[in-house]
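Here are my notebook entries from an afternoon with this model. Follow along in the viewer if you like.

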Amino acid sequence: MTRKQKKTLWRIIVSVAMLIICEALSAAISPPRWAGLLMYLVPYFIIGYDILKKACMGIINRQVFDENFLMAVATIGAIALGEYREGAAVMLFYQIGELFQSVAVGRSRRSISELMDLCPDFVNIETENGIESVDPDEVEVGSEIIVRPGERIPIDGVITEGVTSLDTAALTGESLPVDAQPGAKVHSGTINISGLIRVRTTKAFCDSTASKIMELVENSGAQKSHSEDFISKFARYYTPAVCYGAIALAVLPPIIRLIFGSSPAWGSWIMRALTFLVISCPCALVISIPLTFFAGIGGASAKGVLIKGSAYLESLSRTRCVAFDKTGTMTLGVFEVAGVHHSVMEERRLLDIAALAESGSGHPIARSIIAACGKAPELSRVSEIEEIPGCGVTAVIDGISAAVGNERLMERLGVKYRRCSHSGTVVHIALDGEYAGHILIADMIKPTAREAISALKLAGVRRTVMLTGDMESAAIPVAEEIGADEVYGSLLPEDKVRRVETLISEKDAKETVAFVGDGLNDAPVIARADVGIAMGALGSDAAIEAADVVIMDDDPVKIALALRVARKCMRIVYENIVFAIGVKLICLALGALGIAGMWLAIFADVGVMVIAVLNSIRALRIR
Amino acid sequence: MKKSYKIDVDCVNCARKMEDAANKTPGVKSAVVNFMALKMNVEFEDGADAKSVMADVLKACRRVESDCEIFGI
């Protein structure tokens, strides 16, 4: 608790004690009216002096519908009508409610910022006097910093010395540690687990990944959602409406009674009007809705999903159609050997021969073959490597002449080759002029891609569409494999934009279309979609800028996670809106009929607020 | 020019009042208060001096919410 909160707590304790004494005294000696008034005024002022002061300020600044002013009018009115006990108690409960709210919000604010606490506040630098801690803002780009085991890397850079494993959970939500050695790029916000490393910084502190993320999440409030707008508009009309209602309630019924010749009963009607004022504060709504969004955004960011504002949470919750790019989103975007077919020898040996032949080439396909071999080629076994541009290579391996390349190479050498029925790049191999089989190289589907699509369906997405620049023949098998509903191939970036526009025009008015891409090539599509999601954005500022929702790592399952967070937040928001407005309306009705008094009004008010706040905090927990 | 300030304020409503007050202060193009993050993001008019404008903003905020605070002016 802060000092301010502790002070309020003491005021509450003291005034509760004094109210009990007052009760006991008035029961024991039944003091005269004026003595009773004086007695109750002591705890009233102890608990309410700041409210009264703020109410006076409000009058000076012409802020009449300020909750302090309303509370002051309600309690002073009650006391003036001789209901001292109610006056003091209402003020007391109001303060208890405010204290609870302030503590609860402070707590969740702290737990959310702990989740997002990515930036260390010092950096270790080696100087003549040994290792010193300095302010991260003062570290220049290109300086060498030291990160001890257990510390967070403060600034983006490259490891120059030391081998370690890194915990990137704070950025990506991925709990498996990643090994890193000299030359590896490291992002700020990751935790150095095992060894001491030296890092040469490549960015300033304020431009580093962690600082960027913090800035983004903290500024997420700027994009206010419809629900938040609704609540602030509601609050703007609700309070004045209730106040005018109170005035009408205080004046009209007694006048009507006078006209009909019965006693006006001013006191009872004014008391009912004051009860209205107690219910007039929309606190529960005003506090709980931004709290829900903040908790949802905070909880999601702890899982490696950044949402740039509550407006996007809201549109994400209405997403029924998800379009996504293939390469890099659902596939790894790197070429790997997917199979060895029709081999005349053991598959490993054929792969070995191909790797040896390609050992001089820097082509990505050559590199993927060498990588699949798992070891560096023994160059002594190869001689007479000759590259035939656009076709492949020929070489002599272990004394046998080998040709490794595409169909054109085979045709040129007059070798009868077999076509491959799978999609991908095919590398044929001929040994001594005889066909020896082929290697299929394909972009690998991410291991979680299938799960990602089914998770989306579970989260209520009706239509999943794959949009890709690749040929349909390559795209359709991938789409079938992962379970996407529709697939469109051979699309240029502008075609993708047009496709997304078509999807947007085909959906219901209330639904939204999300597009998931890698954030670089797909930036225009991400911008055009109702919700633009960038994947694998760790270390890419451009992607973070372009998208509404950013998935830090490469895992497509997180798309569904983001959707679930959004749904849960919106559900909590609606629950709170319905619950709080419902209870207030019931209290207003009961108050007007004289069934509910001030006691019930204040209990309902504080109770609704407590429940709504507790409900909001649920948004922080994400499965 | 945009700048971000840490603030301290008790309730959402008070934060909204601060936002309104800041937006009405001359020299401020737009101001957004994020109660949850306790931050005020201010975009200044071209050529405005951030320091003196923020002093006015604080004064305006204090008038509507006596116990608020803006840090790092």
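Which residues of helix 2 of chain B are buried? I found B:V53, B:M54, B:V57, B:L58, B:A60 and B:C61. I call a residue buried if 20 or more other C-beta atoms lie within 10 Å of its own, exposed if 12 or fewer, and partly exposed in between, with C-beta atoms placed from the backbone. Helices (H or I, at least four residues) and strands (E, at least two) are DSSP runs, numbered from the N terminus.

A note on the ground rules: this is a predicted model, in which local features need pLDDT of at least 70 and side-chain atom pairs count only at pLDDT 80 or more, while totals for chains, interfaces and linings use all residues. Residues are numbered from 1 along each chain as its sequence is written, and chains are lettered from A and ligands numbered from 1 in the order in which they are written.

**Entry 1: chain B helices**

I looked down the axis of helix 2 of chain B: its buried residues fall within an arc of 165 degrees, so they line one face of the helix. The arc is that of the directions from the helix axis to the C-beta atoms. On the face turned away from the buried side I noted the exposed residues B:K51, B:S52 and B:K59. The cover over the buried residues of this helix includes helix 1 (12–24), strand 2 (28–34), strand 3 (39–44) and strand 4 (69–70) of chain B.

I then checked the length. Helix 2 of chain B runs over residues 50–64, and its 15 residues reach 21 Å from first C-alpha to last, close to the 21 Å expected at 1.5 Å a residue. The expected span is 1.5 Å times one less than the number of residues. Helix 1 of chain B agrees with its expectation too, because its 13 residues should span 18 Å and its end C-alpha atoms are 19 Å apart.

In helix 1 of chain B, the buried residues include B:C14, B:M18 and B:A22. Their cover draws on both chains: it includes helix 3 (67–80) and helix 9 of chain A, together with strand 2, strand 3 and helix 2 of chain B.

**Entry 2: where the chains meet**

How many residues of chain A are in contact with chain B? I read 17 residues of chain A against 15 residues of chain B; contact means C-beta atoms, placed from the backbone, within 7 Å. Helix 2 (33–60), helix 4 (84–115) and helix 9 (283–302) of chain A each supply at least two residues of that side. Helix 9 of chain A gives the largest share, 5 residues.

While there I stopped at A:Y84, which lies in helix 4 of chain A. A:Y84 counts as buried because it has 24 C-beta neighbours inside 10 Å. Leaving out residues up to four places away in sequence, A:Y84 touches A:G36, A:L37, A:Y40 and A:I79.

**Entry 3: the cores**

Which residues touch the most other members of the largest nonpolar core? They are A:F515, A:I533, A:V549 and A:A562, in a core of 157 residues. Such a core is a set of buried Ala, Val, Leu, Ile, Met, Phe, Trp, Tyr and Cys residues joined through C-beta atoms within 7 Å. Helix 19 (residues 557–593) of chain A gives the most to this core, with 14 residues. Apart from it lies another core, of 29 residues, among them A:I353, A:M410, A:A430 and A:I439.

**Entry 4: helix 15 of chain A**

In this helix (residues 472–482), A:A475, A:V478, A:A479 and A:I482 are buried. Seen down the axis, they fall within an arc of 100 degrees, so they line one face of the helix. The face turned away carries the exposed residues A:S473 and A:E480. The packing partners of the buried residues are strand 12 (331–341), strand 17 (434–445), helix 14 (449–458), strand 18 (463–467) and strand 19 (486–488) of chain A. After the helix comes A:G483, whose phi is positive, near 90 degrees.

**Entry 5: a sheet in chain A**

I traced an open sheet of 3 strands, order 6-5-8, with antiparallel pairing. Strand 6 (178–180) and strand 8 (191–192) of chain A are at the edges, each with a single partner strand, so one side of each lacks a neighbour in the sheet. Strands pair here if DSSP finds at least two bridges between them. Strand 5 (residues 164–167) of chain A is joined to strand 8 of chain A by 2 bridges, and A:L166 has A:N192 as its bridge partner there.

Definitions and conventions
Two residues are in contact if their C-beta atoms, placed from the backbone, lie within 7 Å.
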